[in-house]
Amino acid sequence: LCSHISQHPTKQKPNKTTITTMKLSIAVTALIIANTSTTIAAQSLRGRTLAEELEIQSKRELQTVVTGECTTANFADKTGGQAALAGLLGVANNAATIQATLTTKCKAATEATVAFGEITYKGRQFDKAFFDGETSWNEQVENDGKYVLTQDAGRVKSVHDAAASTTVFEWPGSDYMTNFDNCAANAVTCCYVGARLNGATDPDDNSDVCVVELYAAPKTNHIQANGGAYTIFDASADDKTYCHGFVYSDDEDAFDNKVKATTLFEMAMYDGLYTKGYVRNVPGAPMCGCIEQMPIVSNAACVETKEGYSISTDGDISVYMTYGACEESSLSEKAAAMADAGEISEGTALRIKDRAGSGDCEKSTASFMNSKFLVKSA
């Protein structure tokens with residue numbers, strides 16, 4: 001057993017339903033896909049390419065967008081009533097029949113169609129390194145017109161604009177992308193200790209790093225798990241760390257579970273990197289990963305993808321997602337609310353609170369050390 005007390009890491013610079021009726025117009029050409037790279041093109045893709053998916057979306061008929069759950073009441077309210085909705089779907093005007101049809105169509109609409117690797121199109125090594133806090137996206141800082149984030153990561157903005165609301169990506173967790181493999185606590189967080197936009201070098205400070213269990217992420221820090229090495233941080237007021245995350249239901253058919261890969265893209269690449277400019281990982285831990293691989297921290301903001309769909313004039317239903325902050329003020333509060341609703345277990349909610357919601361590093365550190373039959377020296 002290895003125990004180490006250290007200072008915080010030095011920063012490295014570097015249901016009210018609304019409706020909109022619209023013609024779905026997707027700028028497929030906004031995405032510049034480097035098909036000339038045989039190495040990248042050779043990566044295994046189980047679904048469509050992103051360009052193929054957007055081409056399909058661009059040909060859909062007039063869409064009526066409904067935000068909210070996939071219910072007869074929500075759709076009927078925005079399509080001229082139950083009879084009109086039945087006509088669109090081509091079924092009998094019976095509430096149970098309509099709901100069964102909607103459920104089937106909404107479930108199909110939320111199936112993943114595009115591999116996660118299509119987002120960056122730089123290959124799985126780049127994606128893995130990015131989520132570990134590496135790559136040029138995390139390490140370079142704009143200087144004298146060079147390393148401009150909006151240019152270097154311009155594809156992130158293109159994917160967000162063209163695809164994020166209407167495309168369900170495949171979950172990237174695998175034996176290679178271990179950051180997101182088998183997330184036992186149904187939660188993913190990102191924690192940043194640096195920034196690279198507008199001359200900033202530090203992120204906003206919404207959390208303290210308490211403990212990093214080095215054995216939890218050996219394929220990030222390349223430290224063998226044998227021995228259970230860990231680091232306890234003695235955070236100071238000058239340390240700046242920002243953490244945010246999302247939690248999803250146990251039910252694999254639940255909306256938040258099925259679209260969690262799109263939520264991951266929005267949180268880590270568009271919101272965290274492109275919009276906020278937050279970069280770099282807490283040393284020894286991934287920058288983004290399943291919460292059990294991430295540092296034990298005092299707090300994490302909560303984000304989510306809100307449920308929504310669109311229905312065309314010929315009765316086809318597609319997903320229409322909106323990313324944003326949770327109603328709850330923190331990830332641990334969101335988890336508690338989901339436990340109360342039966343969407344996750346109380347044990348899962350408590351685990352999320354222990355890892356990202358104690359509000360007090362002294363308490364979290366003491367609890368962690370007690371689990372090792374240790375106490376912190378004076």
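A polar contact is a pair of N or O atoms within 3.5 Å; within protein, one of the two must be able to donate a hydrogen and the other to accept it. In this predicted model, the side chain of threonine 110 makes such a contact with the side chain of lysine 258, at 3.0 Å. Threonine 110 is placed in the loop between helix 5 (95-109) and helix 6 (124-131). Its relative accessibility is 4%, so threonine 110 counts as buried, the limit being under 20%. Leaving aside residues up to four places away in sequence, threonine 110 touches Val168, Phe255, Lys258, Val259, Tyr309 and Val319. Of these, Tyr309 belongs to strand 13 (residues 308-312), and Val319 to strand 14 (residues 317-319).

Strand 13 is mostly covered, five of its five residues being buried. The cover extends to both faces: Gly308, Ser310 and Ser312 are buried on one side, and Tyr309 and Ile311 are buried on the other. Strands of a sheet pair through backbone hydrogen bonds, either parallel or antiparallel. Strand 3 (residues 63-67) runs antiparallel to strand 13 and is joined to it by five bridges. In this pairing, threonine 67 stands opposite glycine 308 of strand 13. Strand 13 also pairs with strand 14, again in the antiparallel sense, over three bridges. Here the bridge partner of serine 310 is serine 318 in strand 14. Strand 13 and strand 14 form a hairpin with four residues between them. Within the turn, glycine 315 has a positive phi of about 90 degrees.

A further group of five strands forms an open sheet in the order 10-4-8-12-15, with mixed pairing. Strand 10 and strand 15 are the edge strands, each pairing on one side only. From one strand to the next, the twist averages 25 degrees. At one end of this order, strand 12 and strand 15 run antiparallel and are joined by four bridges. Valine 303 stands opposite alanine 325 in strand 15. Helix 13 lies across strand 4, strand 8 and strand 12 of this sheet. The helix runs at about 15 degrees to strand 8.

The disulfide count comes to six. With bonded cysteines counted along the chain, the disulfides follow the pattern 1-2, 3-9, 4-8, 5-7, 6-12, 10-11.

Cysteine 183 is joined to cysteine 290 with an S to S distance of 2.0 Å. The link of cysteine 183 and cysteine 290 is left-handed, with -65 degrees about the S-S bond. Cysteine 183 is buried, with a relative accessible area of 9%. Cysteine 290, at 0% relative accessibility, also counts as buried.

The disulfide between cysteine 191 and cysteine 243 has an S to S distance of 2.1 Å. The torsion about the S-S bond of cysteine 191 and cysteine 243 is about 115 degrees, so the disulfide is right-handed. Both cysteine 191 and cysteine 243 are buried.

Cysteine 302 and cysteine 326 also form a disulfide, with their sulfur atoms 2.1 Å apart. The link of cysteine 302 and cysteine 326 is left-handed, with -60 degrees about the S-S bond. Relative accessibility is 5% for cysteine 302, which counts as buried. Cysteine 326 counts as buried at 8% relative accessibility.

Note on methods:
Residues numbered from 1 in each chain as written. Predicted model: local features only at pLDDT ≥ 70, side-chain atom pairs only at ≥ 80, totals over all residues. Heavy atoms only, no water. Disulfide = S-S within 2.5 Å. Buried < 20%, exposed > 50% of the residue type's maximum accessible area, 1.4 Å probe, protein only. Helix = DSSP H or I, 4+ residues; strand = E, 2+ residues; numbered from the N terminus. Pairing = 2+ DSSP bridges. Contact = heavy atoms within 4.5 Å. Axes fitted to C-alpha atoms, helices over the stretch in contact; angles between N-to-C directions.
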